[in-house]
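Subject: Structure for your review

Dear colleague,

Please find below the sequence and the structure that I would like to hand over to you. My findings follow directly after them.

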Amino acid sequence: MTLPNELWLPIFEYLPPQSLRNVILTSKKFHAVAIRLLYKHLILTSPTSFVTARSSLSSIQPSPHALLLSISPFVRTVEQLQEAVAVVSFDGLKPITVNTNNNRQSTRSLFSENKDVYRPSLVADMTLYNTLLSQVTSFTSLRQLVFRGMILPGNFHSIVHDFPHLRDLAVVHCTVPFVRAPPDIDHTCLKIETLTLLDIRATSRSDDDDLNLPRTRLRLLAKASTLRTLTYDHTIWVHRAFTSSSPSPPLTALDVKFPVQKDRPRVPLGFIPFLETLPSLRTLILRNHVPALSLSPSALPALCAISAPFSAITSLSSGRSIVKLDIRDEAALTPLYKAFAAVHSDLSMVQELSLFVGDWDDELMLAIVAHFPNLTKLQIRYVRGGPSEDTIIGMGSRTLYALPHLVSVHIFCIPLPLPPQNFLETNNLDDDTAYGAPGIDDTYFQSMHDIDLDADTSSEHDNGNDDCGIAWNRACPGLRTVQLHPGWVWRRADPTDSWVARPCESGIFGDVFESPPCDARLLADIVKNAESKARDTGWISIRPSRSLSPIIITHV
């Protein structure tokens with residue numbers, strides 16, 4: 001029997017690049033199918049990688065669908081390039097002479113709020129850089145594009161408009177250059193559906209909203225009429241681009257990262273009016289410290305999924321039908337119980353609940369059962385104390401039996417890192433992932449814990465498997481997943497199956513956004529691991545995930 005191409009394509013997606021190249025050489029039919037995947041995603045993170053792959057890039061057919069770019073030209077006055085050691089050209093490498101009179105401390109202070117970890121060691125000369133940009137603009141079939149850890153091109157806004165099929169755009173850890181006479185480009189005609197702007201730097205500090213300023217102009221990308229998912233942080237405050245005369249697009253998902261410091265109690269100027277102009281917003285993620293938001297009762301009528309600090313949960317939940325709720329930071333038990341009681345009618349339809357408590361209390365389970373009768377998925381992270389073995393075995397018959405729709409329970413202890421000792425350590429913090437909350441690139445309710453797959457701890461979890469399984473089977477027949485340890489989870493396929501302990505590596509509840517995670521953001525995550533493995537010029541084989549096709553990576 002001959003399989004159609006539509007079936008071969010998903011099969012080939014699981015192959016590493018080297019195996020995919022062998023498939024291409026097998027037959028003309030396999031060549032036509034597999035060639036689409038081999039060059040579907042392209043990553044260029046160093047000028048040397050572009051020099052090595054230049055000849056093959058010009059002949060890629062079909063054109064790549066996703067590109068991650070991290071190559072900058074050499075500009076001596078840009079702080080992000082202070083660690084560069086050599087300039088790469090087509091003729092080779094030229095070392096950079098260091099100016100000992102250069103006062104780095106004065107420039108470093110401009111970026112004290114940023115995680116300063118994306119500093120390239122190799123930069124391109126202008127001839128190589130202009131050739132690179134010409135090559136990039138020739139990939140007219142791009143759907144996902146990521147600029148990461150680089151100086152954005154001076155004609156960045158024009159370049160973005162050169163890709164008619166572009167749907168996902170991300171600019172992360174980048175410096176925006178100052179352009180004396182920026183072109184007047186209308187971004188409302190862009191067809192992008194997902195936009196990510198994080199850790200945006202400029203060559204000078206300014207909080208003005210002058211349209212001629214680099215970061216202000218970058219905000220205007222969010223005016224694309226087709227935009228549905230928007231992610232940004234406090235370095236750019238994208239919501240300032242929208243006013244009463246310039247309405248926001250019909251967003252369905254919004255992810256905003258606030259500053260880490262809790263000494264800024266005020267809501268950013270214009271943020272609440274911005275939220276009140278989003279009638280179609282269904283998912284809202286607020287990271288780090290966020291004060292209570294005084295929203296009008298008619299605001300956010302479609303909101304059904306919230307991931308936010310405890311301080312903002314009550315104001316966001318009041319008067320809205322919430323289905324997914326994630327309390328990102330530590331919640332004291334007494335205020336938590338009061339908050340549950342205050343918005344009980346609004347939370348009664350919650351199906352997925354995740355929260356973090358510092359001290360374990362058995363009464364917490366009673367409060368959850370009383371206020372969330374329709375739960376299907378539950379996650380509780382704690383630091384101190386914990387349920388006893390008797391409590392765990394009897395939890396099904398005493399409390400969780402009252403949740404007839406429950407299919408997964410995750411209750412485990414997490415270690416907290418030491419608190420920052422000084423101001424600089426506070427600025428280097430990323431976000432509230434210290435509490436086990438999902439990070440900016442992580443899926444909804446994803447486990448944030450490192451797992452030692454080589455550690456032989458299966459016997460530890462199997463000893464109590466029978467007793468717990470029998471007790472929970474009797475009280476909770478619909479339960480399929482139980483996690484009592486950060487690295488292990490018990491699963492069963494149906495009520496007649498036995499419980500099996502397995503390493504927990506993947507997300508728990510899936511994606512908070514209604515659409516699958518964009519490949520562009522997955523590219524940024526995978527390249528972090530790939531760079532550490534690069535040793536010699538050539539291909540690097542990466543086992544693709546289910547949602548990401550094989551990636552071709554040249555030597556970094």
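Please note that this is a predicted model. I begin with a pair of strands. Ile-43 stands opposite Leu-68, a residue of strand E2. Ile-43 itself belongs to strand E1, residues 41–44, and E1 pairs with E2, residues 66–69, in the parallel sense over four bridges.

In a regular strand, side chains alternate between the two faces of the sheet. In E1, His-41 and Ile-43 point one way, while Leu-42 and Leu-44 point the other way. All four of these residues, His-41, Leu-42, Ile-43 and Leu-44, are buried.

I turn next to two pairs of helices. The axes of helix H1 (residues 5–12) and helix H3 (residues 28–38) come within 10 Å and cross at roughly 50 degrees. That angle is why H1 counts as oblique to H3. The crossing of these two helices, H1 and H3, is right-handed. On the H1 side, the contact is made by Asn-5, Trp-8, Leu-9 and Phe-12; the residues from H3 include Phe-30, Val-33 and Leu-37. By class, this contact of H1 with H3 has seven nonpolar, one polar and two charged residues.

In the second pair, the axes of helix H11 (residues 333–342) and helix H13 (residues 363–371) also come within 10 Å, and they cross at roughly 10 degrees. H11 is therefore roughly parallel to H13. H11 contributes Leu-333, Leu-336, Tyr-337, Phe-340 and Ala-341 to the contact, and H13 contributes Glu-363, Leu-364, Ala-367 and His-371. The residues in this contact of H11 with H13 divide into seven nonpolar, one polar and one charged.

Yours sincerely

Definitions and conventions:
Residues are numbered from 1 along each chain as its sequence is written. This is a predicted model: local features need pLDDT of at least 70, side-chain atom pairs count only at pLDDT 80 or more; totals for chains, interfaces and linings use all residues. Side-chain values use heavy atoms; hydrogens and water are left out. Buried means under 20% relative accessible area, exposed over 50%, partly exposed in between (1.4 Å probe, protein chains only). Two strands pair if DSSP finds at least two bridges between them. Axes are lines fitted to C-alpha atoms, for helices over the stretch in contact, and angles run from 0 to 180 degrees between N-to-C directions. Angles under 35 degrees count as roughly parallel, over 145 as roughly antiparallel, 65 to 115 as roughly perpendicular and the rest as oblique. Contact means heavy atoms within 4.5 Å. Ala, Val, Leu, Ile, Met, Phe, Trp, Tyr, Cys and Pro count as nonpolar, Asp, Glu, Lys and Arg as charged, and the others, Gly among them, as polar. A crossing is left-handed if the near helix is turned anticlockwise from the far one by less than a right angle, and right-handed if clockwise.
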